[in-house]
Amino acid sequence: MRRAPTDVAETQKRFTRRALLLGGAQIGFMALLGLRMRHLQVDQADQYRLLAEENRINIRLIPPARGEIYDRNGVPVARNVQSYRITIVREDAGDIDSALTRLSSLVELDEDDVNRAVTEMKRSAPFLPVTIADRVSWDEMSRVAVNSPALPGITPEVGLSRTYPLAGDLAHVVGYVGPVSDYDLSKIENPDQLLRIPRFQIGKVGIEAKRETELRGKAGTKRVEVNAVGRVMRELDRREGEAGDDLQLTIDQRLQSYIQLRLGEESAAAVVMDCRNGDLLAVNSSPTFDPNLFVSGISVADYRSLTENKYRPLAAKSVQGTYPPGSTFKMVTALAALEAGLVSAEDTVYCPGHLEVANRRFHCWKRAGHGHMNLQTALRESCDVYFYEIALELGIDKISAMSSKLGLGERFDLPMSGVARGLNPTKDWKQSVRGASWVIGDTVNASIGQGFVLASPLQLAVMTARLASGLELMPRIVKSVNGVEQGIADSASLGLNENNLRHIRRAMFSVSNNRRGTAYGSRVIEDAYRMAGKTGTSQVRNISAAERAKGVFRNKDLPWERRDHALFVNFAPYDDPKIAVAVIVEHGGGGSTAAAPVARDITLQALYEGDPPLSAYPTKDRTRIEAQQKRIREMMPDRQGKRSGDRA
Amino acid sequence: MSYLEYTVKSAPTGLRKILFLNYPLLLLLAAVCGVGFTMLYSVAGGSFSPWAEPQIKRFLVGFAVMVGIAMVPIWFWRSISGAAYLGTILLLVLVEVMGSVGMGAQRWIDLGFMRLQPSELMKITLVMALAAYYDWLPTEKTSRPLWVLLPVILVLFPTALVLRQPDLGTSLLLLIGGAMVMFMAGVHWAYFAAVGGMAAGLVFAVFQSRGSTWQLLKDYQYRRIDTFLDPSSDPLGAGYHITQSKIALGSGGWTGRGFMQGTQSRLNFLPEKHTDFIFTTLAEEFGFIGGVSLLALYGLIIVFGLVAAVANKDRFSSLLTYGIISTFFLFYAVNMSMVMGMAPVVGVPLPLVSYGGSAMLVLMLAFGLIQSASVHRPR
């Protein structure tokens, strides 16, 4: 059809008009887009660039190397060793089950670990490695590495893990590390970011726990570029953290190991202290446990066998255990009396075998009585009545004051778990805690270290060292941190009369060296290393009048847990005291038979810095000692040998 | 003037047609596609696979198709407009019935060698149908209600079909594109005012219907609107796309971070970085200057397109050219608004730059029509 030319022209004009209108609007809108672009890219560029940086850069923590722990001679006690673990990356491994089957033909896999790993894999992103086997041997590691083409997604990795080359010898001192738990985190305010790393190892017990912050060090950081799903594309830079501080202990590993072997499977504790400066040379508790078991998480069965053992291997008895000190406390009573001017060394007391106090009969361990006793003979023969008598005049206040002065009832600031305060009873204490008045019988009991008095082997060692030195020695266990010597200050004098101390020391000397001394059997023949000691036998049960009438049960007739504790404290050499030793054998029976021989062996071992010559022992003991030395020596090198193998 | 009035003499014939192609448009198209290849190469981490290489092949095929279409006289295309429209409608119904499900929307038919999105084709055939309709319709009837209703149905029917897929972005493009052609055809402005008022009412209804039994949009569409209105409300969830896209744009600054240095896209922070969000990569790597340059290229295409539309002597050619240019404009205007946080994320690719076969081929086809109109214009 044809259209009128005017009509066509009109239509054409309108089209052009509208085209210009809409075209203008379109161009206008494009200008708007341009402005918007300018706003975002020019005006707000800085802000968005910052956001982009944050977007792609992720900060990851680098765990620092944990500080190592050495003994006083530089023997490693807690070290970090390379450990091999096998990790699996889900997205590379394909079918997990078949990958695990293939892996299990090469490496022994723990079912618990595998289940844990599979659960973890399901939770985490597919590209994150999950540990499937920890602490695998070099052999297993190499087998996996060799077969890696057949094991996609499975990688052997190297990491640091804690190891205690001396196994149980310092377990109670150093403690152990273990994977951080929710419970650990709940106890810490503002926990270090490091602790958020799954299975990060922190100190759980002992020095590892108490000096955790120093040992842990500071985390390093690495900045990694990641994509939106968190996969690491590359590392941008890293700032190394600070390795934890290395600690050097005052402990002499060789002595410590010896004592551990000497105590054997006995439930016992021993503390050796340098009585010139307070350094703890050995702090043993027996039986012990292998702290390495705890590092990667102890099995339920192993843990149960430790907790159900009646000898309580997990307890650090040397500092945590408190015992009635028994006769080892008699020095306190004697010194308090001397200091009070109540008795002189020559004053005698008659011991008929018992003492009536407030209608109660207090017995001496020797039923027949000791007869006339002075300070020296009373300590030497451990006459109880002598101390009952002087305590009655002295009163508990003065005994308690002397006890405090010598370090009993004080919680020493040592980086070990559960350092016990013990108990230094006073009238106020009994009133407030027991809700009863102090009675005279309490004083009588306390005078011979029974009743309420409780002390830890550590405290007894401190007491002995203070008696030997007259100085207010404080125990020290951390010798240096990163090579910087820790707080060794000259100890102040206790302010005790040197004459009185000399009387006590001489009495202790006769305990060990006088034919009538309770520890004469455990004497040292070598003049330069003569010991001054005191036996203690502390009751853990009441002896009824009926039993006493029939004759007191002998320890070996009693069940183990009702037998007496055997204690012995000593310092040596008598002429120039170097070390103080405290030994307790739980339910070991008499102090002279169960504890004194151990203390003598320890003393000689410490003074000779190795096995003492048999000539230091009394003739009749030599055969037995020789056999014992041989037995322990054989165990020592064996253990050393194993250790050197570990290090290689 | 109608195409019937063409004298064979005045239109170029044979190979001479090549000389009469609209070369500025051709060059601009090639330039925009070149930008696309560059960006696809970049987002693949400096690699031709998986995106740049197929895209270049499609461009070459598309370019040949475009020139081929340009050689065919425009009156042939006019004569098949109605059939093309109906055929596309059929295809749309077909995807509704048997289309494969991808990205939660049934949008394509698998032809074996490529996936055809009928909704892409619809944008062009709708414009063709409308242009043909107004070419046929006597001018004086243009604004009569009955004669307005017919093209409205032509527009609304495919719009409704596409919306059902559901593809909100494309259905909006069809609607607005159709309206623009009608406006250019000379329909009285009062109709547009009325529809505009109704649209405002509809928007109100859409928001009111939310959560009710007669909810008009899908939940995910509402969520997209929500996140558009406040992207910071859920930066890692639904607002993630917009937030990350703005970060990419903003971090580009004046001159950008440099070719292949865009961290946002290279580190996978950007969603659909090779398709709908490819502009953000460009803006991140080449900055404001790069972004504005692409905008300028697009602007020049619009300008040359408008000039061609006005220069065409017959109604079909003019309306077709204009309609295609407008659709093209809507494409990138919506896409850019979307990535710049000015519009909700509706899933519209950046024309000729985003990776995708259908869109590329359909646009080349459409520009082929513009060229055909241009070539066969009486001189």
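Colleague: At about what angle do helix H17 and helix H20 of chain A pack?

Modeller: About 130°, with the axes of H17 (residues 384–394) and H20 (residues 440–447) 8 Å apart. Axes are lines fitted to C-alpha atoms, for helices over the stretch in contact, and angles run from 0 to 180 degrees between N-to-C directions. Bear in mind that this is a predicted model: local features need pLDDT of at least 70 and side-chain atom pairs count only at pLDDT 80 or more, while totals for chains, interfaces and linings use all residues. Residues are numbered from 1 along each chain as its sequence is written, with chains lettered from A and ligands numbered from 1 in the order written.

Colleague: OK. Which residues of H17(A) and H20(A) make the contact?

Modeller: H17(A) brings A:Phe387, A:Tyr388, A:Ala391 and A:Leu392, and H20(A) brings A:Ile440, A:Thr443, A:Val444 and A:Ser447. Contact means C-beta atoms, placed from the backbone, within 7 Å. Helices (H or I, at least four residues) and strands (E, at least two) are DSSP runs, numbered from the N terminus.

Colleague: Switching topic: how many residues has the largest nonpolar core?

Modeller: 132. A core here is a set of buried Ala, Val, Leu, Ile, Met, Phe, Trp, Tyr and Cys residues joined through C-beta atoms within 7 Å. Buried means 20 or more other C-beta atoms within 10 Å, exposed 12 or fewer, partly exposed in between. Among those with the most contacts inside the core are A:Ala270, A:Val272, A:Met273 and A:Val581.

Colleague: What is A:Met273 in contact with, leaving aside neighbours within four places in sequence?

Modeller: A:Gly278, A:Asp279, A:Leu280 and A:Leu281, then A:Ala461, A:Val462 and A:Ala465, plus A:Pro475, A:Ile579 and A:Ala580. There's also a second, separate core of 116 residues, and B:Tyr41, B:Val181, B:Val353 and B:Met360 belong to it.

Colleague: And chain B, how many helices and strands?

Modeller: Chain B has 14 helices and three strands. Of its 379 residues, 53% are buried. Taking the contacts in chain B between residues at least 6 apart in sequence, 71% join residues at least 24 apart.

Colleague: How many residues of chain A are in contact with chain B?

Modeller: 38 from chain A, touching 38 from chain B. On the chain A side, two or more residues come from each of helix H1 (5–43), helix H2 (45–56) and strand S8 (220–226). H1(A) gives the most, with 22 residues.

Colleague: What about A:Arg312, what is its phi?

Modeller: Positive, about 50°, although A:Arg312 is not a glycine. Most residues other than glycine have a negative phi. A:Arg312 is in the loop between helix H13 (300–307) and helix H14 (317–320) of chain A.

Colleague: Where is A:Asn482 found?

Modeller: A:Asn482 is in the loop between strand S17 (478–481) and strand S18 (484–485) of chain A, and its phi is also positive, near 50°.

Colleague: Why does A:Asn482 count as exposed?

Modeller: Because A:Asn482 has 12 C-beta neighbours inside 10 Å. A:Arg312 has 17 other C-beta atoms within 10 Å, so A:Arg312 is partly exposed.

Conventions
Two residues are in contact if their C-beta atoms, placed from the backbone, lie within 7 Å.
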